[in-house]
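Please read it with the sequence at hand.

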Amino acid sequence: MKLWNIIWIGIVLVCSVGCSDFLDVQPKDKQSEEQLFSTRGGFYTAVNGIYNKMASTALYGKNLSYELVDVISKRYAPLQSNTYLTALSTFDYTETSVQTGLSNTWTAAYNTILNCNVVLDNLEKSDGVLLPPEYRMLKGEMLALRAFLHFDMLRLFGPVYKLHPEMESIPYNESSRVSALPLLTADSVMHEKILRDLDVAESLLADSDPVIENGPMASQEGDLDVYLRYRQLRMNYYAVLALKARGYLYAGENTKALAVARKLLTDPKVDERFPAVDPNKLLANQDNPDRVFSTEVLAGIYVKDRADIHTTYFSSEQAGTNYLHPRKNYVNTNLFAEETQDYRFQSWWRTASNESEGGYDFIKYEEIAKPTQAGESEYFYAVFMSLIRLSEVYYIAAECEPVLADKYGWLNKIRERRGLSTLTVVSDEDFMKRLRTEYLREFMGEGQIFFMYKRLYAHLLSDENGNDANAYEAREERYVLPLPSGEIANR
């Protein structure tokens, strides 16, 4: 079978119904690769299929957001009756269903990377099909997505970077051909591949991404056609900068991470394009609050059935054995302590009807009513999940500042956005504890906590996480997930 049939029919291009014509596009299975990429619309159909794959349950629609990677960070206390979730929460990566879940994530990630490379190859053969700015925009997006996916595979399956950057980690696929690839060292993946791709993506998007002049455009209203809209659903210029800052921080290059973070946070367009969540529309709105704080999300995914996440996993009344609940008293005692005025506490947590299980239900993804008199952009957040938040850039800047007062300064800026008071400067130890607490509060249901603790090589359950830290000390076998057996067998 032709390579194209393997890639395009078997892997990715089946799109869900979207919130715009752009998101509704469905290609014909028998359409040839040459025909597909002979038109402008064909390119966008292919790219849309790739973004749709990002939202699959094997990737950021479940495993790499609120479920697998959040459970191994000890965010929840799963019910003992659920073998899979219990195995995850106890770091039993040999359990059959866990191995299957990890294998599915690995396969989905590398299939999606393969498709990015197919688009990149065809972009180089697209003479006259796309206008130069669109060619640069799509090439920048595909390079950024390729880097994004490899980075998360490195963070999951690679060594503890802080300890062993020289160890073998993952393959880095830059080809559209299906082939076995060597495992590269973590350092070479990070510096020679991921950060290189992000540098090129930044330069391509800097003069081609419409988000810079027009903002996210989370509706069909406006002069630009629909292909160029919904920039928060794409790896746009600002998301690439945030991802670079995340990458430098993971690699321990704090000076470079700080430089990129400052570039974002001192750009006046960023606050204009991605304003802080409005507490009046959030807390005073019981029908359709924007609980994902969508105005602050630099890049995210479209999840048509997002409300099912709540009923399937977080509702004490409906989730059954899947119910993911925090330890009793954890939310109000450990996570928010005496700061229950925090917008995240007020909008994401509700006292559970079965209080003996967890005390609170997590309602971030609960279904919201559609506004009766509102534009499409005002309802966009009902089917939206975050991949990269602006708040993370504040946290990166805070951690990387060399002066303690400046560390607290950045942290206080984001605390102000969450309705919290200003912290006084105390000590480096106090600052790091408060920063970790901010991560725990901010990224609930988004899969970033495991990566934070692996990067720091700290206790999975430090004081701020409210459990016995000695029982969950940092161990490499807990942080380094095993490569899928199929991947090992091919070596």
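In what follows, two rings of Phe, Tyr or Trp (for Trp, its six-membered ring) count as a pair if their centres lie within 6.5 Å, with planes over 60 degrees apart called edge-to-face, those under 30 stacked, and the rest tilted. By this rule the count comes to 30 aromatic pairs in what is a predicted model.

**The pair of Tyr66 and Phe314**
- The ring centres of Tyr66 and Phe314 are 6.0 Å apart and their planes meet at 65°, so this pair is edge-to-face.
- Because Tyr66 lies in the loop between α4 (40–54) and α5 (68–71) while Phe314 belongs to helix α15 (residues 307–314), the pair ties together parts that are 248 residues apart in sequence.
- Tyr66 counts as buried, at 4% relative accessibility, and Phe314 likewise counts as buried, at 1%.

**The pair of Phe293 and Trp348**
- Phe293 and Trp348 form a tilted aromatic pair, with 5.3 Å from centre to centre and 40° between the planes.
- Since Phe293 lies in the loop between α14 (279–283) and β1 (297–302) and Trp348 in helix α17 (residues 343–348), this pair ties together parts that are 55 residues apart in sequence.
- Both Phe293 and Trp348 are buried.

**The aromatic cluster**
- One aromatic cluster is formed by Tyr66, Tyr76, Phe293, Tyr313, Phe314, Trp348, Trp349, Phe362 and Tyr365.

**Charges over rings**
- The charged end of Arg155 sits over the ring of Phe151, 4.7 Å from the centre of that ring.
- Arg327 lies over the face of Tyr330, at 4.7 Å from the ring centre.

Methods: Residues are numbered from 1 along each chain as its sequence is written. This is a predicted model: local features need pLDDT of at least 70, side-chain atom pairs count only at pLDDT 80 or more; totals for chains, interfaces and linings use all residues. Side-chain values use heavy atoms; hydrogens and water are left out. Helices (H or I, at least four residues) and strands (E, at least two) are DSSP runs, numbered from the N terminus. Buried means under 20% relative accessible area, exposed over 50%, partly exposed in between (1.4 Å probe, protein chains only). A charge sits over a ring if NZ of Lys or CZ of Arg is within 6 Å of the ring centre and within 35 degrees of the ring normal.
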